Amino acid sequence: MHLIRHAGYEGYCPNPARYIGRTDPPLSAEGRMQAVQLGQSVPELQDVQVFASAARRASETAALAFPRANIRMTSNAMEIDYGRIEGLSVLEAARLYPELCSPAPGRNSVLDFRSVGGEAISDLFVRVRQVAADAELFDEVVLVSHAIFLSAMRHHLLGGMATDIAFGFCALVTLEQGV
C-alpha cells in the first residue's frame, strides 16, 4: 500500500498551525503542481487501484496525480473530525478548551481522546480498519488522504500507535507486504 497525503490547499498557513479536518478547501495553484509532479515521479503507480478521501483536497490530488486511474472515493478516508476546534490554531484551542491539554478522568489511552464535539480516535480507527479491509481486495493500492488518517493507517497496518510519523504535502510512504 502506498500512502500519500494530499497536496497543498488554498489558505494553508503553517504559522500558526491550525486544526483542519473537515474543512474542505480546494488545492492551491502550488498544490496542483505538487500533485502533477507527484504523478510524474511515480509512473509505476499509474495503473494501480487508487483510493481517495472524499475531501476535495484529496480527491483533486488523486485526479491530478493519477489521471488514468479508476479512483474510488471514500468518506471513510476523511480526516479526523476536530469538532469545535476545527479552524482554530493550536494555541487558540488550548486557551478555549484547556481540558484538551490535560489528563481527563476516564481517559486511559490515546484511543479515548475526543476533541470537543469531534470524533474519538477510536472512531477514526474504525474507519481506518474499513478502508484497509476494502484495500485488501487489490494487489497494490494507493491511498490519498490526510495526515492524521494516514498516520493511523500506517500504524494499523504495521502495529503501534499513530505518533511517530509526519506526512508533508504529497509525501509518499510505501508499506511493503510483510513489513
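In E4, Leu143 is the bridge partner of Leu3. The model is predicted.

**Exercise 1.** Find the sense in which strand E1 and strand E4 pair, and the number of bridges.

*Solution.* Start with the strands: E1 covers residues 2–5 and E4 covers residues 141–145. Leu3 and Leu143 are bridge partners. Then read the pairing: the two strands run in the parallel sense over 4 bridges.

**Exercise 2.** Place the strands in the sheet and name the edge strands.

*Solution.* Write down the order: E3-E2-E4-E1-E5. This is an open sheet of 5 strands with mixed pairing. Next, look for strands that pair on one side only: these are E3 (71–74) and E5 (172–174), the edge strands.

**Exercise 3.** Work out which strands helix H2 lies across.

*Solution.* Locate H2 at residues 56–65. The helix lies across E2 (49–53), E3 and E4. Its angle to E2 is about 155°.

**Exercise 4.** Classify the crossing of helix H1 and H2, then list the residues that meet.

*Solution.* First, the geometry: the axes of H1 (residues 29–41) and H2 come within 7 Å and cross at roughly 45°. Angles from 65 to 115 degrees count as roughly perpendicular and those under 35 as roughly parallel. H1 and H2 are therefore oblique to each other. Second, the hand: H1 passes H2 in a right-handed crossing. Third, the residues: H1 brings Arg32, Ala35, Val36, Leu38 and Gly39, which meet Thr61, Leu64 and Ala65 of H2. Sorted by class, this contact has 5 nonpolar, 2 polar and 1 charged residues.

How values were computed:
Residues are numbered from 1 along each chain as its sequence is written. This is a predicted model: local features need pLDDT of at least 70, side-chain atom pairs count only at pLDDT 80 or more; totals for chains, interfaces and linings use all residues. Side-chain values use heavy atoms; hydrogens and water are left out. Two strands pair if DSSP finds at least two bridges between them. Contact means heavy atoms within 4.5 Å. Axes are lines fitted to C-alpha atoms, for helices over the stretch in contact, and angles run from 0 to 180 degrees between N-to-C directions. Angles under 35 degrees count as roughly parallel, over 145 as roughly antiparallel, 65 to 115 as roughly perpendicular and the rest as oblique. A crossing is left-handed if the near helix is turned anticlockwise from the far one by less than a right angle, and right-handed if clockwise. Ala, Val, Leu, Ile, Met, Phe, Trp, Tyr, Cys and Pro count as nonpolar, Asp, Glu, Lys and Arg as charged, and the others, Gly among them, as polar.
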